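Here is a short walk through one structure. Keep the sequence and the 3D view open as you read.

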Amino acid sequence: LAWWVGPQYAGPFLEQVAPPLFASTPTTPYDRASLRVYERLAQVPEWQQRTRSFSRADKDKLGFELSQKGSARLDDESLQSLAVWLREALASVDAPVCAAMLRGTATPAQLRQALEKLDPASLEAYMDASFNAIVAELKGIEALKATPDEHAAAARALLERVPKDWRSRLLMILQMPRLRSDEEVCWAGRTVTYYVTSLSDRDQRVLMRAIVQ
């Protein structure tokens, strides 16, 4: 979505797609998946060094910050997992929550609601991507970048998948999302994420990389 609406809209959304991972009582699939992320991080030397004297709340805060920053450093496979997660998450919630996620105004409770509606495989894929983003940031892995020509080609490929009679409406909503209703914004987000995941691996990666960067 950042391809059209710009970072001033996509940025707040990306800041909230990784709510605090650690749960004090791992009783749900979400809680258990979160706990497994922290168990894996405990084996990462860079994480051990950074969090040696941290409280649980401190670890939550650092994990959130690192996953946010590290999204731009993700490998191609993790980016594609995020694309599938985003499509499924937007499709699983009602229009107000969906629009709030896209506008960057969703509360932690709303975001957790979206995550908890995912099937186990998608939830695990999302948590894997979060873990990979944290590790990538800790290790300073270089972020890959697509060229302007690759961006343009991927955007054209996306629009070609969208039905012709939807295209002008879609672009109008993406250009001025804050002036649109929850239903319109949600429709646009669901449309984009649905067709992104139908693109070639290359175009899908290029568009997802543009969003996270």
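Contact here means heavy atoms within 4.5 Å. The model is a predicted one.

Helix 10 covers residues 148-161, and helix 13 covers residues 201-212. Their axes come within 9 Å. They cross at roughly 110 degrees. Angles of 65 to 115 degrees count as roughly perpendicular, so helix 10 is roughly perpendicular to helix 13.

Which residues of helix 10 and helix 13 meet? Helix 10 brings Glu150, His151, Ala154, Ala155, Ala157 and Leu158. Helix 13 brings Asp203, Val206, Leu207 and Ala210. By class, this contact of helix 10 with helix 13 has 7 nonpolar residues, 1 polar residue and 2 charged residues.

Now step to the loop between helix 9 and helix 10, where Thr147 is found. Thr147 has 39% relative accessibility, so it counts as partly exposed. Pair Thr147 with Val206, and 59 residues separate them in sequence. In space, their C-alpha atoms are 8.9 Å apart. Val206 also belongs to the helix 13 side of the contact with helix 10.

Next, move to helix 9, which spans residues 120-139 and holds Glu137. Is Glu137 buried or exposed? Its relative accessibility is 19%. The limit for buried is under 20%, so Glu137 counts as buried. What does Glu137 touch, leaving aside its neighbours within four places in sequence? Its contacts are Leu66, Lys69, Gly70 and Arg73. With Arg73 there is also a polar contact, side chain to side chain, at 2.7 Å.

Finish with the aromatic rings. A search of the whole structure finds 4 aromatic pairs. One of them joins Tyr38 and Trp47. The ring centres of Tyr38 and Trp47 are 5.9 Å apart, with 80 degrees between the planes, and the pair is edge-to-face. Tyr38 counts as buried at 8% relative accessibility. Trp47 counts as buried too, at 2%.

Tyr194 and Tyr195 form another pair. Their ring centres are 4.9 Å apart. Their planes stand at 85 degrees, so this pair is edge-to-face. Tyr194 is partly exposed, with 49% relative accessibility. Tyr195, by contrast, is buried, with a relative accessible area of 13%.

Definitions and conventions: Residues numbered from 1 in each chain as written. Predicted model: local features only at pLDDT ≥ 70, side-chain atom pairs only at ≥ 80, totals over all residues. Heavy atoms only, no water. Helix = DSSP H or I, 4+ residues; strand = E, 2+ residues; numbered from the N terminus. Buried < 20%, exposed > 50% of the residue type's maximum accessible area, 1.4 Å probe, protein only. Polar contact = N/O pair within 3.5 Å; in protein donor to acceptor, adjacent residues only side chain to side chain. Axes fitted to C-alpha atoms, helices over the stretch in contact; angles between N-to-C directions. Parallel < 35°, antiparallel > 145°, perpendicular 65-115°, else oblique. Nonpolar A, V, L, I, M, F, W, Y, C, P; charged D, E, K, R; others polar. Phe/Tyr/Trp six-rings, centres within 6.5 Å; stacked < 30°, edge-to-face > 60°.
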